[in-house]
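Visitor: I would like to learn how to read a structure like this one. Could we start with the strands and go on from there?

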Amino acid sequence: MGYLIAIAGKGGTGKTTIAAILVRLLKENKAGSILAIDADPNSNLAEALGVKTEETIGSILDEISSHPEIIPQGTPKDRFIEYRVQTAISEAEGFDCLTMGRPEGPGCYCYINNALRNIMSKLIKDYEYIVIDNEAGLEHLSRKTTRFADTLLVVSDATAVGLRAAARIREIVKELKINTKNNLLIINRSGKITAEDKIKGLDLKFIGDVPLDKGIAKISLNGNSLMKLSNDSPSIKMLKKIGDSIWQKKF
Ligand SMILES: Nc1ncnc2c1ncn2[C@@H]1O[C@H](COP(=O)(O)OP(=O)(O)OP(=O)(O)O)[C@@H](O)[C@H]1O
Ligand SMILES: [Mg+2]
């Protein structure tokens, strides 16, 4: 069973950036097999990782629902979806990447969600580390395609609004009865402000501030991959420490 880290947070707080850097650090540590999942339909985790994706789970489901004849006779639909999802996994150097996307066409979402749930349970067994970059609204969590996560990593900015959103995310996860063993908080782009005293009441364990990093801003401006971010950059230094505590489950 792999170690599943689900990254969540209000829009624009830095989920994708942090997910990408954590995948990069895992890869550099040669920690084991890694699957990066982009679960945000406005997806850009693959881009942040420098991976080209041609297919998404959404596009595959659309294809199957508009052309059911592509399912070979005698093959159960579930089995065929599973097979097609396997072919949608991009193999990059040192990690694999899967983009969820969103089915555009009409169709029974219960069916799709069931299929996704089964696929997720299988993928969790196939990889040692699974890092999921979630959408801000946690919509797919509410569809319960993820039943558990070893670690919920909430990303917030150092604002009261951001921290309230972080608290709300923790509540949603509880309400949905998603079993998360570790519930952690990162404050991103913290500048020089320490928010520790504001965090005490949250049911999240604060594990570090990631500083505002010019290197990230430059990469973002040029549409480059975070694989290119210098190892000396302040965010990488901090995320190395944060990453180590996550992998070793020492908080
Ligand atoms: N520590 C940082 N220093 C500088 N820029 C940052 C930092 N973290 C994130 N950014 C920048 O902030 C913007 C938003 O970050 P990102 O896309 O990672 O957020 P997100 O939470 O995934 O957003 P969304 O909710 O839209 O998916 C990006 O342009 C990114 O480059
Ligand atoms: Mg994002």
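Guide: Start with one pair of residues: I34 has Y129 in β5 as its bridge partner. Keep in mind that this is a predicted model.

Visitor: How should I think about strands that are joined like that?

Guide: Strands of a sheet pair through backbone hydrogen bonds, and the pairing is either parallel or antiparallel. Here β2 (residues 34–39) and β5 (residues 129–134) run parallel and are joined by six bridges.

Visitor: Which other strand does β2 pair with, and over how many bridges?

Guide: β2 also pairs with β4 (residues 95–99), in the parallel sense, over four bridges. On that side, D38 has T99 in β4 as its bridge partner.

Visitor: Are the residues of β2 buried or exposed?

Guide: In a regular strand the side chains alternate between the two faces of the sheet. In β2, I34, A36 and D38 are on one side, while L35, I37 and A39 are on the other, and all of them are buried. Six of the six residues in β2 are buried, and the strand is described as mostly covered.

Visitor: How is β1 joined to β6?

Guide: β1 (residues 3–9) and β6 (residues 148–156) run parallel, with five bridges between them. Within this pair, I7 stands opposite L153 in β6.

Visitor: Now the helices. How do I describe two that pack together?

Guide: Two packed helices are described by the angle between their axes and the distance between the axes. For α1 and α10 (residues 234–247), the angle is about 70° and the axes are 10 Å apart. The two helices, α1 and α10, are therefore roughly perpendicular to each other.

Visitor: Which residues meet where α1 packs against α10?

Guide: From α1 come I18, I21, L22 and L25, and they meet S235, I236, L239, K240 and G243 of α10. Sorted by class, this contact has six nonpolar residues, two polar and one charged.

Visitor: What surrounds ligand 1?

Guide: The shell of ligand 1 has 19 residues, and the closest are G14, K15, T16, T17 and S220. Two helices, α1 (15–28) and α9 (214–222), each supply at least two residues of this shell. Its classes are five nonpolar, ten polar and four charged.

Visitor: Which loop holds K177, and what is its phi angle?

Guide: K177 is in the loop between α7 (160–175) and β7 (179–188). Its phi is positive, about 55°, although K177 is not a glycine. K177 counts as exposed because it has 9 C-beta neighbours inside 10 Å, and the cut-off for exposed is 12 or fewer.

Visitor: What about R189: is it buried or exposed?

Guide: R189 also has a positive phi of about 55° and is not a glycine. It sits in the loop between β7 and α8 (196–199). R189 has 22 C-beta neighbours inside 10 Å, so it counts as buried.

Visitor: What does T56 touch?

Guide: T56 is in the loop between α2 (45–48) and α3 (57–66). Leaving out residues up to four places away in sequence, T56 touches A88, T99, M100 and G101. T56 and L98 are 42 residues apart along the chain, and their C-alpha atoms are separated by 7.2 Å. T56 counts as buried because it has 21 C-beta neighbours inside 10 Å.

Visitor: And where is N114?

Guide: N114 is in helix α5 (residues 109–126). With 16 C-beta neighbours inside 10 Å, N114 counts as partly exposed. N114 and I70 are 44 residues apart in sequence, and from C-alpha to C-alpha they are 20 Å apart in space.

Methods:
Residues numbered from 1 in each chain as written. Chains lettered and ligands numbered in written order. Predicted model: local features only at pLDDT ≥ 70, side-chain atom pairs only at ≥ 80, totals over all residues. Near = placed C-beta within 6 Å. Nonpolar A, V, L, I, M, F, W, Y, C, P; charged D, E, K, R; others polar. Axes fitted to C-alpha atoms, helices over the stretch in contact; angles between N-to-C directions. Parallel < 35°, antiparallel > 145°, perpendicular 65-115°, else oblique. Contact = placed C-beta atoms within 7 Å. Buried ≥ 20, exposed ≤ 12 C-beta atoms within 10 Å, placed from the backbone. Pairing = 2+ DSSP bridges.
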